[in-house]
Each structure stands twice: as structure tokens, then as C-alpha cells.
Amino acid sequence: MTATTTLPQPDPLAEQVLAGNRRAIARAITLIESGRADHRARAAALLDTLRGAGRQALRIGLSGTPGVGKSTFIESFGLMLTGQGLKVAVLAVDPSSARSGGSILGDKTRMEQLTRDRNAFIRPSPSQSQLGGVARRTREVVELCEAAGFDAVLIETVGVGQSETMVAEMTDLFLLLMAPAGGDELQGVKRGIMEIADIILVNKADGDLKPVATRTCADYAGALRLLRKRPQDPEDFPKALMVSALEAQGLEDAWGEMQNLTNWRRKNGVFDARRADQARHWFEEEVRQGLLTRLTGDAAARAELARLGGQVAQGQLAASVAAAQMLALLAGENAASLREAGE
Ligand code: GDP
């Protein structure tokens, strides 16, 4: 019998995802979110294959405090997009899922109509032990949705600082949803998030709230003009607009502005440059996390960490010296595995 070399077979799941098969997409997401090493390896290979398809969606981040109308907005905005024949995926990065295992988008009564729409795909936030883990997996799910042929991927997050920064690192556009409010509340809006936002949407611009919304929108527009200029963007961005998610008002204008900004950025190379920076960021983040996992996941490393920690605690060793010894140990392992890989 002659020995045959088996070449790695393309994952059948890849074909199905590329064909937009919803069950395959859900299965691939389960692999991505799994903590099992074999699942992670298959997910990584799958994503690598899918990247070859070269499909691109518009990645849109959306943030706002609870009650501002995020799910109402996603429902009506999503339906408007599917009404135009576009395919929409909705994901979430939920900091509370890191703590409680609960998750935004988990409640099926939210976005009832969009949930039933064949051209929409809604996925709750993965439950992971840390926000960083949630974000890294969501970022991979974004890539998966892109390969599966979605035109827009919306990523929802609740306004609590760090999660917004992470979502901004994986999206092309960032929307901030705000409620009609007095000037005092405007003062409370964190500068950081105003700087991330490309478009501020003042929601609930309907009924009795319309006059307040009009004033609020003007206030935000004024505040945005005072922010640092963005030489890479058209002069009138970032901008503030009014919408009513409940009455589906202003959504087409908002979409038009998102497209204007995106087209401008594409034409000027800003779009691709931003994606390149983001890819580099996530690569470095994966390396950092991989090293941390090695530090805490490997029994020998853990034992050494505990031993050195004990010496530091008892004043036998300076923290910096102990840290250098620990890093040298990890680097030594790296060198050994690099040699192995080269053999
Ligand atoms: P989320 O917590 O940010 O997801 O907010 P929800 O979408 O659950 O909305 C919170 C409340 O605000 C609900 O009672 C909605 O009906 C209401 N709401 C959302 N959008 C609008 C809007 O455009 N106008 C008005 N008047 N109410 C809205």
C-alpha cells in the first residue's frame, strides 16, 4: 500500500456560511464562542477560509444608555434596511454579560418584527468572563457575518465607557443614541464618547418631546463643533440628527448621512486605513491575551507565579526582579516552541 498524504480539507461549514445558511452561521458562531481548544482551532481555520471571499459589510456601532431606545431604533432601522433589500446582522457587546451571564438582545420580545425577518440575523452578546473576551469573539462574529453576505452589521452596546471603545475598534461608523434632555444632562455626557461618535442621534423626536429634542439636537451640534477637528472627515462631521425610532422618522436621513460619510472615507483611503489599524489592534490584543492565558492557564507557570509571588510578599524578592524572572521563564518557553516550529 502506498502512503497518501492527506491535505487539510476545506471545512464544509465554510461553503454553507458563504451561501448564507442561517443554521450554519449559528453553528459557526457557537464554535467561535466556545472555550474548547479544538473548537477555537476550527473557528480560526474557518475564519481564515472565509476571509478569502473578500466580502465587506458596513460595520455600525450603536451605543446609548438603557431606555434611550436602542432596541426600538434597531428594530425600525433594521426593518428600513431590509425593506431596501439589504441583509442586516445585529450583534451585541454587553458588559453585563461578562458579570452575570445575562445579555442584551437576549430577550426575544425585543425587536419582535426584525427577529422574524428573513433578511435579518440577531445574535445576543456572548457570555464570557471578561469584557475583553466578549469583544474579541464579537469581532470574529462580525467577520463571519461579513462573509455570510450581510450588507450591514449593527453592534449594540450599553453606554459604560470601555465597551464603547471596544465596539469603536471593530466598526466603521459609531452612532450615539441620546434622549431629548436639558442642558444639564448634556454636561454629563462623557467627552470620550462624544469623540468616538460619528453621528449623534437624538431619539424620541416625536409628540410632546419634539420641541425638547430640537433644542437638544442643536445643543449637541454646538458641542460637537467645539470638539477637536477631524481632518480625515468631511467638515460637517461628526453631526447631530433627530430621529423617532418609534415612529420611524428620520431614519432614511440618518442612513443617508452614514452612507455619505462612508463614501467619503472610502474615496479618501480613510476607510481601509481604519480597518487596517483595527486588524493590527486585534492581532496585538490576541497576542496579549494568549500570553495571559499561558501565564494563568499553564500549571507550571501558575506554580511559578505563586512561588515568586510568595517571595515578593515576604520581602525576599523585589517585585520587578520577580517579574523579570517570570517573563524570562515565559520567553524561554516561547523560544523553545519557536525552535520546535522551525524544525
Ligand atoms: P433601550 O433600553 O435603549 O433598548 O430602549 P428601548 O428601545 O427598550 O426603549 C425604551 C422606551 O423608550 C420604550 O418604552 C420605548 O417604547 C420608548 N421609545 C423608544 N424609542 C422611542 C421614540 O422614538 N419615541 C418615543 N416617544 N419613545 C420611544
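# Exercises on a predicted model

D198 is buried, with a relative accessible area of 1%. Keep that residue in mind as you work through the exercises, and remember that the model is predicted.

**Exercise 1. Find where D198 sits and which side chain it meets in a salt bridge.**

Solution. 
- Step 1: Begin with the location. D198 is in the loop between α10 and β6.
- Step 2: Look for a partner of opposite charge. Side chains of opposite charge can pair when their charged atoms come close.
- Step 3: The partner is R265, and the two side chains meet in a salt bridge with an N to O distance of 2.7 Å.
- Step 4: Compare the two places in the chain. R265 belongs to helix α12 (residues 251-267) while D198 is in the loop between α10 (191-196) and β6 (199-202), so this pair ties together parts that are 67 residues apart in sequence.
- Step 5: Check the surroundings of the pair. Both R265 and D198 are buried.
- Step 6: The C-alpha atoms of D198 and M258 are 8.6 Å apart, although 60 residues separate the two in sequence.

**Exercise 2. Work out which parts of the chain the salt bridge between D11 and R42 links, and decide whether each residue is buried, partly exposed or exposed.**

Solution. 
- Step 1: Start with the distance. The closest N and O atoms of D11 and R42 are 2.7 Å apart.
- Step 2: D11 is in the segment before α1 (12-18) and R42 is in helix α3 (residues 37-51), so the pair links distant parts of the chain, 31 residues apart.
- Step 3: Apply the cut-off, which calls a residue buried under 20% relative accessible area. D11 has 14%, so D11 counts as buried.
- Step 4: Do likewise for R42. Its value is 33%, and R42 therefore counts as partly exposed.

**Exercise 3. Describe the salt bridge between D48 and R51: where do the two residues lie, and how accessible is each?**

Solution. 
- Step 1: The side chains of D48 and R51 meet at 3.2 Å, N to O.
- Step 2: Both residues lie in helix α3, and they are three residues apart, about one turn of the helix.
- Step 3: The cut-off for exposed is over 50%. With a relative accessible area of 52%, D48 is exposed.
- Step 4: R51 has 47% and counts as partly exposed.

**Exercise 4. How many salt bridges does the structure hold?**

Solution. 
- Step 1: The count is 21 salt bridges.

**Exercise 5. Describe the surroundings of the ligand: which residues are closest, and which classes make up the shell?**

Solution. 
- Step 1: Count the neighbours. The ligand is surrounded by 15 residues, and the closest are G67, K70, T72, R110 and D206.
- Step 2: Sort the shell by class. There are four nonpolar, seven polar and four charged residues.
- Step 3: Look at the backbone contacts. A backbone N or O atom of G67 is 2.7 Å from a ligand oxygen atom, and for V68 the corresponding distance is 3.5 Å.
- Step 4: Turn to a side chain. An N or O atom in the side chain of D206 lies 2.7 Å from a nitrogen atom of the ligand.
- Step 5: On its own the ligand has 580 Å² of accessible area, and the protein covers 70% of that.

**Exercise 6. Which residues form a nonpolar patch on the surface?**

Solution. 
- Step 1: The patch consists of F283, V287 and L291, with about 280 Å² of accessible area together.
- Step 2: Take F283 as an example. F283 is in helix α13 (residues 270-297).
- Step 3: F283 has a relative accessible area of 53%, which means that F283 is exposed.

Note on methods: Residues are numbered from 1 along each chain as its sequence is written. This is a predicted model: local features need pLDDT of at least 70, side-chain atom pairs count only at pLDDT 80 or more; totals for chains, interfaces and linings use all residues. Side-chain values use heavy atoms; hydrogens and water are left out. A residue is near a molecule or strand if one of its heavy atoms lies within 4 Å of it. A polar contact is a pair of N or O atoms within 3.5 Å; within protein, one must be able to donate a hydrogen and the other to accept it, and residues adjacent in sequence count only if both atoms are side-chain atoms. Accessible areas come from the Shrake-Rupley method with a 1.4 Å probe; for residues, only the protein chains shown count as cover. Ala, Val, Leu, Ile, Met, Phe, Trp, Tyr, Cys and Pro count as nonpolar, Asp, Glu, Lys and Arg as charged, and the others, Gly among them, as polar. Patches are made of residues with over 30% relative accessible area and no salt bridge: like charges are joined within 9 Å, nonpolar side chains (Val, Leu, Ile, Met, Phe, Trp, Tyr) within 5 Å. A salt bridge is a side-chain nitrogen of Lys or Arg within 4 Å of a carboxyl oxygen of Asp or Glu. Helices (H or I, at least four residues) and strands (E, at least two) are DSSP runs, numbered from the N terminus. Buried means under 20% relative accessible area, exposed over 50%, partly exposed in between (1.4 Å probe, protein chains only).
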